[in-house]
Amino acid sequence: MTISLIKKVIKKGLASDYGWKLTAPLRKHGVVVLTYHRINAGVDHFPGMPLPEFREQMLWLKKNCTPIWPEEIFDLGQRSSRVRPPVVITFDDGYRDYVDAAYPILRELEIPAVMFLATDFMDRGGLIWTDRLHWAGMKSKKTTVKLPWLADTQFPLSSKEERLTFISKAKFSLKASNDIDRQRLLAELLSQLDAPFSETDIGRQMLSWDDVRASLEGTRFGGHSHTHPIMSQLQPADVNCEIKTCRDRIIAETGQTPVYFAYPNGRSIDFNDYTKSALKQHGFKMAFSTQEGIIDSDADPFALRRQPSGATTIGNFATLVAQAGM
């Protein structure tokens, strides 16, 4: 038996009722927070989790874990169950497939969820800049492209794999730029790729405010900034503007004051002490990163860890949930 096959068998065993209960003593007390983005229920224009996989994950969570609201995170502490660990379900950005695909499953299974909104896109539609780059990179008719900041290097675009490699490298570089430079360099790159995006081609990709209001039952809506910049790369005035505008738009459209925030991109370098201070000033009580791990009683409420949810099998998914607390 190969090592990969052995691992597959172990993971499948962990996902079973007996395996999950048997390994409970190995897991730490704490809360696991899962991060989702797109749930693809039809034509996959952008990367996302297929709807059947999402449903399978939610069914497994309902059976083996305890889905909770984020306000319960620090109430549980050491009292949380290792056998049925508490889990918070979160979604970033505000994609429309939440209301079309994910929300019906969550309501059916009575699983609460938090959606973090980049509110500019609820107002006007369009694409978050990372999606705009993905669209252009995949749809461009060019066979090669140069990055504006790396003009001596050509990237081939002859295959899907080459295009995905180019998109990944471009995103990585742009995320390291300050916000003003990023916008300029992105505009130059999109112009070079020459692949305009129109919502008439594939429909609206982001939630509308009507969609948000239609899914208020069973969903907490939190902030994810207004225009989705990396917060640590902004000037203080812009940090406050992004947070305040996001908060005010959610209040105006839902009548509810958001108290949870997720940092765009969410690495440790993507937010700082000033970002945390600004969030507190504007009434937020918790903020979530994309740093992996479990939330215990000593966690910083403005640097909460989350687990990615991109597992492709239920065995991998169970391992992901378990490893957060090991």
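A cavity is a set of grid points where a 1.4 Å probe fits but cannot get out, whereas a pocket is an open set of points. The structure examined here under that rule is a predicted model. Rolling a probe the size of a water molecule over the atoms shows where empty space is left.

The largest cavity holds about 50 Å³ of space. Its lining consists of 10 residues, and those nearest the centre of the largest cavity are Arg27, Lys28, Val32, Pro85 and Ile294. By residue class, the lining of this cavity comprises five nonpolar, two polar and three charged residues.

The open spaces may be considered next. The largest pocket has a volume of about 910 Å³. It is lined by 35 residues, with His37, Asp93, Tyr95, Lys171 and Lys175 the closest to its centre. Both strands and helices take part: β1 (32-36), β5 (86-93), α7 (129-139), α8 (160-175) and β12 (307-308) each contribute at least two residues to the lining of the largest pocket. The composition of that lining is 13 nonpolar, 13 polar and nine charged residues.

The second largest pocket contains about 420 Å³ of space. Of the 22 residues that line the second largest pocket, Asp179, Arg182, Gln183, Thr227 and Pro229 lie nearest its centre. Helices α6 (120-124), α7, α9 (179-193) and α12 (236-254) each supply at least two lining residues here. Among the contributors, α9 gives the most, with seven residues. The lining of the second largest pocket divides into 10 nonpolar, five polar and seven charged residues.

The axes of α7 and α9 are 10 Å apart, and the two helices pack at an angle of about 20 degrees. Angles under 35 degrees count as roughly parallel, so α7 is roughly parallel to α9. Their crossing is left-handed. On the α7 side the contact involves Trp129, Arg132, Leu133, Ala136 and Gly137, and on the α9 side Arg182, Leu186, Leu189, Leu190 and Leu193. These residues of the contact of α7 with α9 divide into seven nonpolar, one polar and two charged.

Helix α9 also packs with α8: their axes come within 10 Å and cross at roughly 160 degrees. An angle over 145 degrees counts as roughly antiparallel, and α8 is therefore roughly antiparallel to α9. Phe166, Ala170 and Leu174 of α8 meet Arg182, Leu185, Leu186, Leu189 and Leu193 of α9. Seven residues of this contact are nonpolar, none is polar and one is charged. Arg182 of α9 takes part in the contact with α7 and in the contact with α8, and Arg182 is also one of the residues nearest the centre of the second largest pocket.

A further helix pair is formed by α3 (residues 51-64) and α5 (residues 97-109), which pack at an angle of about 20 degrees with their axes 10 Å apart. The two helices are therefore roughly parallel to each other, and α3 passes α5 in a right-handed crossing. From α3, the contact draws on Leu51, Phe54, Arg55, Met58, Leu59 and Lys62; from α5, on Ala101, Ala102, Ile105, Leu106, Glu108 and Leu109. Nine residues of the contact of α3 with α5 are nonpolar, none is polar and three are charged.

Terms used:
Residues are numbered from 1 along each chain as its sequence is written. This is a predicted model: local features need pLDDT of at least 70, side-chain atom pairs count only at pLDDT 80 or more; totals for chains, interfaces and linings use all residues. Side-chain values use heavy atoms; hydrogens and water are left out. On a 1 Å grid over the protein atoms alone, a cavity is a set of points where a 1.4 Å probe fits but cannot get out, and a pocket is an open set with protein on both sides within 12 Å along at least five of seven lines; lining residues have an atom within 4 Å of a point. Grid points are joined across faces, edges and corners, and a volume is the space filled by probe spheres set on the points. Helices (H or I, at least four residues) and strands (E, at least two) are DSSP runs, numbered from the N terminus. Ala, Val, Leu, Ile, Met, Phe, Trp, Tyr, Cys and Pro count as nonpolar, Asp, Glu, Lys and Arg as charged, and the others, Gly among them, as polar. Axes are lines fitted to C-alpha atoms, for helices over the stretch in contact, and angles run from 0 to 180 degrees between N-to-C directions. Angles under 35 degrees count as roughly parallel, over 145 as roughly antiparallel, 65 to 115 as roughly perpendicular and the rest as oblique. A crossing is left-handed if the near helix is turned anticlockwise from the far one by less than a right angle, and right-handed if clockwise. Contact means heavy atoms within 4.5 Å.
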